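Biologist: I have a structure open on my screen and would like to learn how to read its packing. Could you walk me through it?

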Amino acid sequence: MAEPDGSGKRGRLSRPLVLAAAVSLADREGLAALTMRRLAADLGVESMALYRYTPGKEALLDGLVEAFFAEVNERLRSAAGSAGGPGPDDRAGAGAAPPAWRAELRRIARTFAAVAHAHPAILPLVATRPLTVPMARRPEPVLRLTEHILAVLGRAGFDDATALAVYRAFVAWNLGSLLVDKRQVVDNPEEPEPMLRLGLHRLPAADYPRLRALVPRLAEYDAERELVAGLDSLLDGLPGPPGDSFYADFHSDGTGLR
């Protein structure tokens, strides 16, 4: 049991530990349950012990975004050996392999989506919290991923203006598709019938005929396939680089992350 003032635990606290506990609490019970007092209780310390690592609730929410991007970056680093490797849509028979820069954008998109699916309660913060912070003051993991994406495009041969256009389109599609995916919340996971599982049987057929007619399609939604297919369609409509020299002289670990 923790000592009343938390001094027995405080020496073992760190910002990564505090943020990991906050992520775990949000995963289990949602953002509404995340308070400084509740987080301190989970860590076995008094609330005041946390203020050394995060000055309040707003900073803690920004910390969740920091932890989210840190996990994305770590997953990208740990899977560096497969950078540009085949994914579900890149196998033999599915057409020509994509250029290395597009394969890397796919890998980033899939990794980002995997972290979003692991921490769905944090995704809305990822989409909104950075809007309140100037770019130069955003958490280091956020800037690191931005730098990596821009490096991917720069190494592929995009000029600066086009690289920024592709970067912005990539981020907008990635976040937008994930937010739309998360809006389709299952109403009753144990129900095998799609209409009942999604809860759409509650909608009057006369008022929502098209939405009800699309139930089978909604029930068969493949999030990763839709993400990659939409990304490819988006990139097809943007200017390409003059060459594909991305991996020729990129970082030796297969990523631009350090």
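**Reading the core and its rings**

Modeller: Gladly! A nonpolar core is a set of buried Ala, Val, Leu, Ile, Met, Phe, Trp, Tyr and Cys residues joined through side-chain atoms within 4.5 Å. Here the largest nonpolar core has 55 residues, and those with the most contacts inside it are L50, F68, L105, F112 and L153. This is a predicted model, in which local features need pLDDT of at least 70 and side-chain atom pairs count only at pLDDT 80 or more, while totals for chains, interfaces and linings use all residues. Residues are numbered from 1 along each chain as its sequence is written, and side-chain values use heavy atoms, with hydrogens and water left out.

Biologist: Which elements give two or more residues to this core?

Modeller: Helices here are DSSP runs (H or I, at least four residues; strands are E, at least two), numbered from the N terminus. The contributors are α2 (15-29), α3 (36-43), α4, α5, α6 (123-128), α7, α8 and α12. Helix α4 provides the largest share, 9 residues.

Biologist: What does L50 touch?

Modeller: Contact means heavy atoms within 4.5 Å. Leaving out residues up to four places away in sequence, L50 touches L13, V18, M36, L39, A40, L43 and V45.

Biologist: How many aromatic pairs does the structure hold?

Modeller: Rings of Phe, Tyr and Trp (its six-membered ring) pair if their centres lie within 6.5 Å; planes under 30 degrees apart are stacked, over 60 edge-to-face, and the rest tilted. There are 4 such pairs. One of them joins F69 and F112 edge-to-face, at 5.8 Å centre to centre with 65° between the planes. This pair links distant parts of the chain, with F69 in helix α4 (residues 57-78) and F112 in helix α5 (residues 100-118), 43 residues apart. Ring pairs also bring F68 into a cluster with F69 and F112.

Biologist: Are F69 and F112 buried or exposed?

Modeller: Buried means under 20% relative accessible area, exposed over 50%, and partly exposed in between (1.4 Å probe, protein chains only). Both F69 and F112 are buried.

Biologist: Why does R107 count as buried?

Modeller: R107 sits in helix α5, and it counts as buried because its relative accessibility is 9%.

Biologist: What does the side chain of R107 reach?

Modeller: It reaches the backbone oxygen of A79 at 3.4 Å.

Biologist: Which residues of α12 are buried?

Modeller: They are L227, V228, G230, L231, D232 and L235. As a general idea, an α-helix has 3.6 residues a turn, so residues three or four places apart point the same way.

Methods: Polar contact = N/O pair within 3.5 Å; in protein donor to acceptor, adjacent residues only side chain to side chain.
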